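These are my notebook entries on a protein model that I examined step by step. I wrote down each item as I looked it up.

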Amino acid sequence: MDDDTICINVGGTIFTTKLSTLQKYPDTLLGSLSIKLDCYSKEDKSFYFDRNPELFNTILDYYRNGVLHLPHHLCGWLWKTELEFWKIPLTDISECCHKTLSSHNKRVDVSNMLKSVFSPLNQSEYASPSGIGKLRHRLWLFLDEPASSTWAKVFSFIYLSIVLLSSSLPCLITHPGIRIQTSNATTIFALAAHNNVHMWINKDNPKEMQLATTKEPDWLYYWSLVISIFFSVETILRLVICSTKNKFVKEWLNILDIILFVIMWICYGIKHGYEKKLLSNKHLAYFLCFCEAVSVLRLFRFFRLAKQYSSLRILFIAVQSSARELLLLLITFFVFGWMFANLIYYTEILESESFPNMLVGFWWSVVTMTTVGYGDVYPIGPLGRVVGVLCSLCGLLVLAMPIAIIAGNFDSLCRHNEEREAYAELQSKQTSNIPKAWETSKIDPNYPSKLLKNHT
């Protein structure tokens, strides 16, 4: 055999190549082979490596051709470990085959992210082994993990029903057919003039007059009070029994519960402690309206359904992972909005009744690009209508592109999550079906102890 010829035994398969070919890359394992290495066999004068021989042809082709091409039908993890063993840098992978490794890395990142998202907060790791600790752990599962038991699912259903009811009550409070008449406008202003109290209410505003001359019925008041007490007790109980309060206060739903807890009782205190001052104190009335408006955030409690429906949580993750696309949408939308605001203002400069300033033009461009079209402002001249057509078409294109990206991310995450759930289910079945060693053995499990007694 020629001095330049070298034999390499990979998993029992002999490969023959030239030493000069391997020495093209001296920093790699094969490029730095020496007879002093432990893998060298003096008997058959070959180097032995306990690796997969089917993959080694690709490794040798790298030394022969100077380019590393990877078969697409094999797992990226397999190639990553193989290249690390042979000390071949990952940067030498050809561009056409880099997808094999990059898709594996992306899949691992997505899998780890899904595991962290769907892994429940393990309170048992922090709970005390005492009876109180076990009780707190059971209460936590009952309140926060609907899948933990049948009663937890029943409570979750009741909780979501109360959320729906609490979201409907503010709408009923403002309905004129439900509110009870307490006085009229003439009486209110006459009393205010008699007591020398300045009224901020506008007589010509029917909404303000309705709130001033009517009140909510008692049954609606008591329903609102019961719901406020329910959510207050639930929030306080979850905060008390949680063993990891640092993680608890970092979850946005828990932060929202605390904010709503404070706002609910502020509204209750203003309505019943300062009810008479609402008609004379404009700032206090506006503050109450602000608190009532913020209370609409109680609808976000519906997102606790994500505990039961993984697709809903996947939707949140898809939107979060598409933050760059959404930012690009916002910037592009802003740029085109001002561009068409400029165009519509100057194309309609001769029209005295439309687009008095460019800010109105920006409002029109936003409404047109989102395909809403309120019709309060619209172009009149022929050039303005041409700009309107271009603005609507541009809006369709700008909105369609990021939505397609978000939908693609959602579909990809759904498929990854389905595979993760199928694998987890398989692992759980396999673990539960593994019998104990003595159950599969014909030998009596107490045989060693019996044998020892007989011997003694």
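Which element gives the largest share of the lining of the largest cavity? I found that H6 does, with five residues. I note here that the model is predicted.

**Entry 1: the cavity**

The volume of the largest cavity is about 140 Å³. I listed 14 residues in its lining, and Leu143, Pro146, Ser156, Tyr159 and Arg304 lie nearest the centre. Helix H5 (131–144), helix H6 (150–173) and helix H9 (218–241) are the elements that give two or more residues to this lining. I then sorted the lining of the largest cavity by class and recorded seven nonpolar, six charged and one polar.

**Entry 2: the nonpolar cores**

I turned next to the largest nonpolar core, which has 27 residues. Within this core, Leu30, Phe49, Phe56 and Ile59 touch the most other members. Strand S1 (5–10), strand S4 (46–49), helix H2 (53–65) and helix H3 (76–85) are the elements that give two or more residues to the core. The largest share, six residues, comes from H2.

I looked up Phe49 in particular and left aside its neighbours within four places in sequence. Its contacts are Ile8, Asn9, Val10, Gly11, Leu29, Leu30, Leu33, Cys39, Phe85 and Trp86. I also recorded another core, apart from the largest one, with 16 residues. Among its members are Trp140, Leu143, Ile173 and Phe231. Leu143 is also one of the residues nearest the centre of the largest cavity.

**Entry 3: Phe142**

I located Phe142 in helix H5. Is Phe142 buried, partly exposed or exposed? Phe142 counts as partly exposed because its relative accessibility is 29%, and buried would mean under 20%. Not counting residues up to four places away in sequence, Phe142 touches Ser148, Trp151, Ala152 and Phe155. I also checked Val154, which is twelve residues from Phe142 in sequence and 9.6 Å from it in space, C-alpha to C-alpha.

**Entry 4: the sheet**

I traced an open sheet of four strands in the order S2-S1-S4-S3, with mixed pairing. Strand S2 (13–18) and strand S3 (40–41) stand at the edges. Each has a single partner strand, so one side of each is left without a neighbour in the sheet. How many bridges join S1 to S2? I counted six, and the two strands run antiparallel. I noted as well that Asn9 stands opposite Ile14 in S2. Asn9 is also one of the contacts of Phe49.

Terms used
Residues numbered from 1 in each chain as written. Predicted model: local features only at pLDDT ≥ 70, side-chain atom pairs only at ≥ 80, totals over all residues. Heavy atoms only, no water. 1 Å grid on protein atoms, 1.4 Å probe; cavity = no way out; pocket = protein on both sides within 12 Å on 5 of 7 lines; lining within 4 Å. Points joined across faces, edges and corners; volume = space filled by probe spheres on them. Nonpolar A, V, L, I, M, F, W, Y, C, P; charged D, E, K, R; others polar. Core = buried A, V, L, I, M, F, W, Y, C linked by side-chain atoms within 4.5 Å. Buried < 20%, exposed > 50% of the residue type's maximum accessible area, 1.4 Å probe, protein only. Contact = heavy atoms within 4.5 Å. Pairing = 2+ DSSP bridges.
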